[in-house]
Amino acid sequence: MMYDLIIIGAGPAGITAAVYAARKKMNFLVIAKDVGGQTALSGDIENYTGYQFITGPDLTMKFEEHMKKYGINWKENEEVVKVTGVSGVISVKTAGDTYEAKTAIIASGARWRELGIPGEKEFKNKGLTYCATCDGPLFAGRDVAVIGGGNSGLEATLQLMKIAKSVRLIEASPRLTGDRIMQDKIRIAENVTVLENTKVTAVLGEKLVSGIKINTNGKEQTLPLQGVFVEIGLMPISEFAEGIDRNEYKEIKINSRNETNIPGIFAAGDVTDVPEKQIIIAAGEGSKATLSAFRYLARQKS
Amino acid sequence: MGKKVTVYSTPTCPYCIKTKKFLKESSIDFTDIDVSSSTEKSQEMVQKTGQMGVPVVDIDGKIIVGFDKEAIEKALAS
């Protein structure tokens, strides 16, 4: 079976690409490890046009309903291990199968970046987590730290300050970088302490997390606490796209038409070098990628 | 089958939602424990599993952490 298009990933970019492909009546397949991507792990969303307020899991459900309305071909829980394009045939290899198509859209997204400090791996899920939305409620009445002062760190802090006894918000650079509207809410919260110029150097504990070691302008200190939320940004999921041009951050390089360096292979959303990683941007990029793939196919025929 | 199935979850966690949806679709009765509304229950979960991630599925004493379809099916079939 030679598909017109294979879409890799089902976050906002992949799902929007699928909706557009279904409406163009393309013969296509979606391969995804899970649905929603990082949107599913987001807390409150207030900047997706049309929704003044929606939670990440709810928006994911809306995305999924929208896509499945068209009765599309769909492989869930399948992880892509390699994508290649040779003389017009794109081959997508997963752990169990190989699929072929005339075009592909890589929309595999990104995953959280790790700190790379002692104790991080040992205490994952034992007090250290990368998902405040998922695990936040388990820390009711505890002392916790959020590492990272960008938007995801601020979002996590806003969620946790309602649940936890105290929150330390830790940022390595001299100031928080996330949106002012969130910073303002955090600065007036009585149970939040903001620590800037501060690096976390180790996670401590026995069975569960009992504290962290920090370094503020060269001064070492140990903070006793029970929860560590790591929110220091993202890494693109692009390991399977080795043959495709990527930048120094391993993001897939695309032009304004979502084309990669390989004819027939397009990419969209957080896996690409598009500036700014946002749900609404990923969704828009997904639609652009399908329209570009559609045009590419039309050119092949003529 | 008649196995006793308990799910420890929070209302916001996407993998908890998926786990429960999967069990419902497979017509498996289960007890849902919302650990965010009870410190006692969240401590029970931590003691049982030695970790703090949700969801946790307890199938007749067999503990599965995270949404692992295959492990759940295997534990139900054994």
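In this complex, 20 residues of chain B are in contact with 19 residues of chain A (contact: heavy atoms within 4.5 Å). This is a predicted model, in which local features need pLDDT of at least 70, side-chain atom pairs count only at pLDDT 80 or more, and totals for chains, interfaces and linings use all residues. Residues are numbered from 1 along each chain as its sequence is written, chains are lettered from A in the order in which they are written, and side-chain values use heavy atoms, without hydrogens and water.

**Confidence**
- The predictor gives the complex an ipTM of 0.74 and a pTM of 0.77.
- Chain B averages a pLDDT of 89 (the predictor's confidence in each residue, from 0 to 100).

**Interface**
- Chains A and B bury about 1600 Å² between them, 61% of it on carbon and sulfur atoms (accessible area, 1.4 Å probe, lost on being put together, summed over both).
- A:Glu76 forms a salt bridge with B:Lys18, with the closest N and O atoms 3.5 Å apart (side-chain nitrogen of Lys or Arg within 4 Å of a carboxyl oxygen of Asp or Glu).
- On chain B, helices H1 (14-25) and H2 (39-49) each supply at least two residues of the side that touches chain A (helices are DSSP runs of H or I, at least four residues; strands are E, at least two; numbered from the N terminus).
- H1(B) gives the most to that side, with five residues.

**Helix H5 of chain A**
- A:Met182, A:Gln183 and A:Ile186 are buried in H5 (180-187) (buried: under 20% relative accessible area; exposed: over 50%; 1.4 Å probe, protein chains only).
- They lie on the same side of H5(A), because they cover an arc of only 100 degrees around the axis (directions from the helix axis to the C-beta atoms).
- Exposed A:Arg180 and A:Ile181 sit on the face turned away from the buried side of H5(A).
- The buried residues of H5(A) pack against helix H4 (151-160), strand E12 (166-170) and strand E13 (192-195) of chain A.

How values were computed
Buried area = accessible area lost by both parts, 1.4 Å probe.
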